[in-house]
Amino acid sequence: MSISTGPLASRPASSASAWLALSPAARRSFRRILLAIVLPVVVIALWQWAGHGGSLFGGVLPTPDKVWQAWKVWAFGASGFSLNPYSGTWLANLLFSAERVGKGFLVAIVVAVPVGLAIGWNRTASGALDPTVQLLRPIPITAWLPFSIAVFGIRDMGAVFLIALGAFYPIVVNTAQGARDIERNLVRAAMMMGAGRWTILRRVVLPASLPSIFTGLRIGLGIAWTAVIVAEMVAVKSGLGYVLWDAYYVGRMDVVIADMATIGLLGLISDRVILWIERWVLAWRRLQSFQS
């Protein structure tokens with residue numbers, strides 16, 4: 001029996017050669033991407049397969065193809081001259097929400113990191129600040145909505161306040177824990193070399209707390225995206241949260257699900273950005289682990 005050497009037989013060999021030609025890092029990245037998309041693809045396929053006539057649960061839940069069509073109109077449709085009020089408004093609403101999240105998250109970082117370092121490093125500051133933080137932390141963001149509207153009105157500042165408040169608590173708690181868990185031998189060594197308290201805080205405590213700080217940043221950013229949707233449903237009249245509630249009110253569940261998918265994708269992208277910054281800032285930890 002002869003073995004075929006035609007074009008069809010050469011394709012698997014060429015694919016295998018291309019795979020082997022990739023660097024180990026590229027292969028690991030490719031495997032991670034494949035693993036990450038398996039579950040979403042399976043869920044979407046089952047969702048589409050279970051739909052009858054383009055919807056599930058008696059017409060309440062549209063199938064993915066209907067959601068995709070709604071998103072395309074929302075993103076690329078003509079704006080201003082269409083009977084569809086959502087046509088062509090996707091990018092504008094996305095930018096509104098992203099801007100509010102960015103402002104609120106930046107405010108949370110500027111306030112929470114110094115407060116967390118003070119709580120974790122100084123007993124007096126911990127006694128003065130930590131009880132108040134722990135008293136306010138269990139209050140949900142939704143409970144602050146009336147306060148926000150009463151103080152700031154139906155404006156962007158109210159949404160920024162709620163976002164900053166939601167992101168503040170995980171950042172401050174993780175920062176404080178990171179400062180408390182500092183290896184005391186590092187502090188003693190710095191003191192023996194004549195370093196003052198501010199120098200130790202800046203050159204020892206802050207760098208050693210960065211892993212915990214970045215953990216707080218990731219958690220806080222996720223809560224920031226939750227807070228912006230809550231705020232935009234009530235406190236402002238634009239953004240993804242406003243579209244989500246408005247579309248639900250008029251029965252456009254295809255737009256609602258497209259909006260939810262957009263929020264999830266933005267959350268994923270922003271989380272990957274934080275991870276990339278963490279790897280860049282904490283490159284010394286990888287070198288330290290490699291050397292040890």
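Which side chains meet in a salt bridge with Glu99? In this predicted model, in which residues are numbered from 1 along each chain as its sequence is written, local features need pLDDT of at least 70, side-chain atom pairs count only at pLDDT 80 or more, and totals for chains, interfaces and linings use all residues. Side-chain values use heavy atoms, with hydrogens and water left out.

The partner of Glu99 is Lys103, the N to O distance in this salt bridge being 3.1 Å, where a salt bridge is a side-chain nitrogen of Lys or Arg within 4 Å of a carboxyl oxygen of Asp or Glu. Glu99 and Lys103 lie 4 residues apart in helix α4 (residues 90-121), so that about one helical turn separates them; helices (H or I, at least four residues) are DSSP runs numbered from the N terminus. Glu99 is partly exposed, at a relative accessible area of 41%, and Lys103 is likewise partly exposed, at 42%, given that buried denotes under 20% relative accessible area, exposed over 50%, and partly exposed the range in between (1.4 Å probe, protein chains only).

A search of the whole structure finds 6 salt bridges, including one between Asp254 and Arg252, whose closest N and O atoms are 3.0 Å apart. Here Asp254 is buried, with a relative accessible area of 17%, whereas Arg252 is partly exposed, with 25%. A further salt bridge links Asp271 to Arg272, with 2.7 Å between the closest N and O atoms; Asp271 is buried at 14% relative accessible area, while Arg272 is partly exposed at 43%.

Definitions and conventions: Helices (H or I, at least four residues) and strands (E, at least two) are DSSP runs, numbered from the N terminus.
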